[in-house]
Amino acid sequence: MSAPNCLRCLVRPSAGIPVSAPRTVSPLVTPFVLARTAPFSTTAANARPKKEAQGKSDGGGSSRGGKKLQLGKFKKEKVADRGRTPLPGERKAYRKRITLSNDNAIPVPWLTDLGPADLADPRSSGKVMALPEEVQDQLRASEAFKATQCWGMFRKPAVLVRKETTDLVNRMEDAVDKKETLRLVVTGDKVTGKSMMLLQAMTHAYLNNWIVIHVPEAQELTTACTDYAPIPNTDPVQYMQNVYVLKLIQAIKRANEKVLAKTYTMTAHPELPQNMPANSSLLALANVAKEAEGAWAVFQALWTELTAQGANRPPILLTLDGLAHVMKVSDYRAPSFDLIHSHDLALVRLFSDVLAGGGAKFPSGGAVLAATSRSNAPRAASMELALAQREAEQSNKEKEKTDVEVPKKDPFFRGYDDRVEAVLRSVQVLRLKGIDKLEARALMEYWAASGMLRAMVDEKTVTEKWTLAGSGVLGEMERAALLTMRV
Ligand SMILES: Nc1ncnc2c1ncn2[C@@H]1O[C@H](COP(=O)(O)OP(=O)(O)OP(=O)(O)O)[C@@H](O)[C@H]1O
């Protein structure tokens with residue numbers, strides 16, 4: 001009987017203590033508290049000190065003296081390890097890095113190096129040929145290789161010589177024979193090999209000791225990513241881009257070193273930062289450009305010398321990739337905050353003048369070539385229209401008929417640009433399409449011999465890849481056959 005009672009005792013308070021009775025705790029008055037209480041004062045001298053009154057009046061408990069217990073006092077602050085931060089420009093260099101050789105690829109025994117006459121010879125058409133080592137260095141110096149192309153898959157950089165290649169190179173040679181300048185725009189659908197066509201033209205030029213000046217990405221000139229400044233005493237005002245021009249001079253110097261060393265100035269150039277007497281080599285003249293300041297003056301002097309009439313000069317090849325970027329209003333602004341037209345940028349003006357046929361004449365002839373791009377291009381309605389018009393006119397002239405209608409301006413569109421039309425009024429147009437099946441077979445045999453294509457190369461495979469690639473569009477063929485191998 002006692003057990004339930006005992007249990008109840010544990011649960012409830014004993015009957016003697018009323019449950020609802022509030023527990024009142026009488027305040028403790030300790031000597032410590034008494035000591036801290038300010039004494040009643042009647043005079044300012046006796047009043048509690050101000051600091052004490054401010055700091056300790058609110059938090060009675062926290063004002064207790066002595067040591068505080070601090071948890072995790074000796075823990076180290078955690079720093080996330082993110083590795084080394086890339087230095088300025090390192091990411092861009094990595095993105096633009098181009099590998100020209102793959103040690104894992106099988107060397108192709110029948111691959112021969114291109115010679116000075118090979119690209120002009122119609123018998124080379126439909127063959128894959130390697131770029132000689134010296135030319136590789138020159139092409140690399142002028143940034144002709146692109147990171148989007150498949151150079152890093154094969155043992156040696158090699159190209160397919162197309163019918164269009166021999167055609168273009170022969171036109172270049174004809175122009176040099178007549179001491180004229182070939183003015184031509186390479187155009188076509190996406191990844192049809194337009195940049196590669198420029199590379200082949202440059203290869204021919206380097207192999208034949210021409211001087212090559214190449215603008216690898218026209219967008220670098222017009223997207224307001226490099227310094228610019230007005231050129232004094234120009235009307236309408238033109239703008240120089242010293243930093244870009246310095247880079248260009250250095251590329252020209254590295255790529256054309258041998259030819260420049262053998263070509264000499266006609267006149268003295270006292271206007272340059274370093275005095276250049278007449279009969280100095282053009283290499284020495286190019287070497288004067290050490291800093292961005294004054295680079296435009298050096299470039300002008302170099303250009304004047306290269307185009308000096310009556311002088312013994314090598315043929316010149318001037319190339320630019322991404323034409324649409326220089327056939328529109330640029331992203332730069334004048335002091336009046338108006339946008340600057342690309343053709344008011346001095347370097348672009350120099351190029352567009354030669355392309356239009358009104359600029360400097362090359363003493364020994366040469367070529368000015370531009371390539372459009374479909375992967376990275378702004379809309380340039382006037383350029384597209386002008387190229388379509390030239391193509392139609394060309395086709396009518398070749399057939400001696402007028403069966404192809406020359407496209408006309410849209411009367412309801414207001415975005416046409418007269419300056420662009422003027423530049424492209426008399427250029428030749430080379431449209432690139434897919435390669436034929438024989439060329440496709442040659443290229444696929446090279447891929448298979450390099451160990452990059454595992455399939456047997458017969459008519460069936462060639463036709464399959466050729467069809468998959470939209471009738472032999474080169475970039476698409478690579479995608480269809482080599483994509484799995486691409487890093
Ligand atoms: N003659 C050639 N020999 C071998 N490969 C080629 C040749 N021409 C083009 N290619 C390949 O085709 C691909 C596309 O070439 P390229 O970059 O020249 O095209 P594009 O027409 O300039 O392209 P986009 O319109 O994007 O500017 C590249 O990967 C390149 O390796």
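A crossing of two helices is left-handed if the near helix is turned anticlockwise from the far one by less than a right angle, and right-handed if clockwise. In this predicted model, local features need pLDDT of at least 70, side-chain atom pairs count only at pLDDT 80 or more, and totals for chains, interfaces and linings use all residues. Residues are numbered from 1 along each chain as its sequence is written, and side-chain values use heavy atoms, without hydrogens and water.

**Helices α16 and α18**
- α16 (residues 437-449) passes α18 (residues 474-482) in a right-handed crossing.
- The two pack at an angle of about 40°, with their axes 12 Å apart; axes are lines fitted to C-alpha atoms over the stretch in contact, and angles run from 0 to 180 degrees between N-to-C directions.
- In contact (heavy atoms within 4.5 Å) are A440, L443, M444 and W447 of α16 with L474, M477, E478, A481 and L482 of α18.
- These residues comprise 8 nonpolar, no polar and 1 charged, where Ala, Val, Leu, Ile, Met, Phe, Trp, Tyr, Cys and Pro count as nonpolar, Asp, Glu, Lys and Arg as charged, and the others, Gly among them, as polar.

**Helices α5 and α7**
- Residues 133-141 form α5 and residues 194-207 form α7; their axes lie 10 Å apart at about 120°.
- α5 also passes α7 in a right-handed crossing.
- V135, Q138 and L139 of α5 meet L199, M202, T203, Y206 and L207 of α7.
- The contact divides into 6 nonpolar, 2 polar and no charged residues.

**Whole protein**
- Of 487 residues, 44% are buried (under 20% relative accessible area, 1.4 Å probe, protein chains only).

Notes
Helices (H or I, at least four residues) and strands (E, at least two) are DSSP runs, numbered from the N terminus. Buried means under 20% relative accessible area, exposed over 50%, partly exposed in between (1.4 Å probe, protein chains only).
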